[in-house]
Amino acid sequence: MRRPWADTLLMALLLPLFAACLALHVREARRTGLAQPPVFATGRGADAYPVVGGVRLERGADWSGLVLGDRLIRVGDTDLRGKGYIGFDAYALHEAGTRGSAPLVIERDGERHAMTLAMQRQQLPWYRVPFMLSFVLVATLVLLRSPGSATARVLFAGFVAFACVETPFYGGPPLQTYAYGALFHGVGPLAVGLLLAFFARLPAEVPRERRASPWWGLAGALFAVVRIPYFFDWPVPALVAPAAVLVCDVGFLVLGVALVGWNVAHAEPIGRRRVRWVLVGAAFGIAPMAVTLSLQSLLEPATYHRLFQYSAIGAVFLPLGLAVSITRANLLDIDRLLSATTAYSVAVGAAVAAALAVVPPLGRAAAAASGLDPRSAQTLVALAVAAVAVPIGRRLRPVVEGVFFPERAVVERGFRQLLRDLSECGGADELLELARARIESLLGLRSCAVYEPDGDAFAVRGRPDAPRLRRDGALVRLLERDSVPVRSARAALAAGEREALAGAPILVPVRAGKDLAALLALGAKRSGDVFPSAELTLLGALAEKASAELGRLRDRAALASERERAAALQQLTDEAQAANRAKSRFLAAASHDLRQPLHALGLFVDRLSDHVAGDVGRALAEQVQATTRALRDQLDALLDLSRLDAGGVEPDVRAFAIGPELARLAAETSAAAREKGLGFRFEPADAVVASDPILLARVLQNLLANAVRYTNAGSVALRARRDGARLWIEVADTGPGIPADRQREIFSEFYRLDPRAGDGGLGLGLAIVDRTARLLGHAVQLDSAPGRGSVFRVALPLAAAGTDTTESRAPGAAAGLAGRRVLVVEDEPAVLEAMRGLLESWGCRVTPARSVAAATDALSPGAAPPDLIIADYRLGDAETGIDAIERIRRATGVDVPAVLVSGESGRDSLVAIRASGLRHLAKPVPPARLRALLAELLRRPGAGAPH
């Protein structure tokens, strides 16, 4: 909170003034013991000499040889004509200096006499220091803790002004005494008026119409009427002056007590309790001086003089009573912490003040015993007493606390135990109920209610019919912003909120994270006492601890719930993954059985086309072939995707020349493009790349097939270009193009850009491209826009030149199959019959076998080995085509060229096929692919001629 400028200005003006007065006071207390002339003078005009007006009231009856009416002519070398009351004191003290006496010339009965005027030192020159510091300390703390308070300003100004006036520094140069006289007679009335105005404000709990008027502070003007004439040498009867001063001083004390007493008599009970300690402090501060003044006529002057100074030490109880009222009864409604250390400091100050009373006699005794200068000895004794006061103060602290704050220790211990017990709570309800019950017991409350969220309001626990606090109300919004206890009387509450709180004076918010989780509404105390700042501090600590524990409990509950949700989600995920794996395993396991009839169908249809005559028959055969190819492509795509999902594809990355593979793909695609009336452009490349030839071919086949399928006019292109250490293979078309917002979706399975198009596809081609490319580590890019066609790019790493590990393949089907002996091992009769018919249509001589044993038995002893072997991977009796090929080769002693045909997509089967090193075709096998591969194998070195 920014401090008001008025508070800052008051402190800037008065605190430096008090510091200067205190410094000069200490100097004179050490230098002269604050000695004064034994009498005061009254002036007779600007050209007249002052006369003795009377003895100083606090000095007793010691006139030091002077009598009433003596004219004061000269002190030292200074003529006193026109000097008056203040001038006589100033020049007499200056002339006396540290000697304590000054030569004086007087005139009595018309005759002049020379004499020595002895200054009277105070018995306790230091006694004002501690209790004036206490006044200023308490006033400053009140102003700092109550910024912007008019009452705090009046208190501060009155206490500090009073401390300045009551910290005398007469002595030294005459100007210094004149300055103190001006301060005393000028600021004194202001201090008195401010203190009276402050007393008229206590306590605050008084009805306005019955409160004492603050205009009683103007009575301070009477002080000016009585005091100021001395400063300006106005004619005041000398014999009346002491009595007038006494009546004035006592009258102000009585008026202050009367103002407070009037207010207390008409105050509410809580107000009377608030000012109780102020009245106690005033009684202890005023009573000793009042008693001493009443005994003046009964005491010897010296005794009275000493006793009066001792009694003045009691004034320290005035700020002490105020400090205790602030810390114990929350006087002035200081809601920020005004530590009890203030009371301790004032109490210790009183003890130090009492100790300082013995400093002068102890100093004189020390000087006599040690031979030191009296002032030096007194300074050393004062320092020793101050040093002893520190440990004494520490030991007095628990005693003072026990006297002034007897219940505070009990409350603090109870709150500390409560904070520990909150950590043991197992739930939010238990925590809030423990806090409610314990606070009600510790503070002696009439009630303590817990408000908890209930829909759009906060409701009292266990009282559904009680008034509710709306969430959008002023009170809840205030507590959501502030996390410290709030006095409900200071909050801008609506009528409904006041009714809902039922007069609860203290509200303690409890949070869980950033949310307001509950509200403790503390009712009034059974004793009627207020809530002091110390208890608000304890309640603030309780709010923080309860909020932290409630947040911890909520986090623990949320964590447990999150773990349950995570476990349920994990279970669902595991079930989904298990189902997905089961699906993939099913498709992988069933692929052989699914491919077998389709493989046989493709072989039969291809053979049938050679035996159909007539246009209608040929057209029908072509439609059956097209339908078979579409079915084969769809099944291949579905099973390929299942193999990728099942992890059954292991890439065999190696270096090979990309040129022949691209040429083969170009040859196959150009024929399909021509059938659809599309142009086809091929830009070959001579490069060695690192990839899996079979998987890469599958990627490019899918891209080319899509390009042909979705392009209705224009052309399709296959080209390659180098880019540093990479070779980009591009498949471009002039099709409809793909919108930018759908270019990521087209790589999802079963996604088709136009589902209404009857192209026969399942939407798996690009999903296979994406997953296969990621498996190979090849980047795939797409550049497309509606109406501009599409360009798919695949990035291949270039391998070092001369590292090609593949054999060259010629595009298309080669001739030379006529007359070749082919051994076909297939356990499925229909597939075996279809394969034999197809091969025989190509001019081959086929030896069929349904098992490994039948294949070896078919080999005539001494006869030439077969030119080719075509073996299905899965045979009966847990045998495989790999076993058949190996046994035939061992039986013939010849490394017969062989082709392994399989409908498998399982991981183990594919790994075994790849490890065998055999050429492999996946069912259903396109006849053209089979014919091309057989021709390629027969061209290998070592392959035999036709038999």
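Biologist: Is T177 buried or exposed in this model?
Modeller: The model is predicted. T177 sits in helix α5, residues 174–199. Buried means under 20% relative accessible area. T177 has 4%, so the residue counts as buried.

Biologist: Which residues are in contact with T177, leaving aside its neighbours within four places in sequence?
Modeller: The side chain of T177 reaches the backbone nitrogen of G171 at 3.0 Å. G171 is therefore one of the contacts, as the cut-off is heavy atoms within 4.5 Å. With those neighbours left aside, the list for T177 is I86, D89, A90, L93, Y170 and G171.

Biologist: Where in α9 does a kink lie?
Modeller: Helix α9 covers residues 276–294. It reaches 26 Å from its first C-alpha to its last, close to the 27 Å expected. A kink of about 30° lies shortly before the proline P288, at I286.

Biologist: Which residues of α9 are buried?
Modeller: I286, where the kink lies, is one of them.

Biologist: In what order do the six strands form the open sheet?
Modeller: The pairing is antiparallel. The edge strands, β9 (469–470) and β10 (486–487), each pair on one side only.

Biologist: What is the bridge partner of E452 in β8?
Modeller: Strand β7 spans residues 448–454, and strand β8 spans 457–460. The two pair in the antiparallel sense over four bridges. In β8, the partner of E452 is A459.

Biologist: Which strands does helix α17 touch?
Modeller: Helix α17, residues 474–481, packs on the sheet. Its direction makes about 60° with that of β11. The strands touched by α17 are β8, β9, β10, β11 and β12.

Biologist: What angle does helix α16 make with β7?
Modeller: Helix α16 is made of residues 428–442. It lies across β7, β11 (506–512) and β12 (515–522). Its run relative to β7 is at about 155°.

Biologist: What is the phi of G843, which follows α24?
Modeller: Helix α24 takes in residues 829–841 and reaches 18 Å, close to the 18 Å expected. Its buried residues include V831, L832 and L839. G843 follows α24 with a positive phi, near 95°.

Notes:
Residues numbered from 1 in each chain as written. Predicted model: local features only at pLDDT ≥ 70, side-chain atom pairs only at ≥ 80, totals over all residues. Heavy atoms only, no water. Expected span 1.5 Å × (residues − 1). Buried < 20%, exposed > 50% of the residue type's maximum accessible area, 1.4 Å probe, protein only. Bend = angle between axes of the 7 residues up to and from the residue. Pairing = 2+ DSSP bridges. Axes fitted to C-alpha atoms, helices over the stretch in contact; angles between N-to-C directions. Polar contact = N/O pair within 3.5 Å; in protein donor to acceptor, adjacent residues only side chain to side chain.
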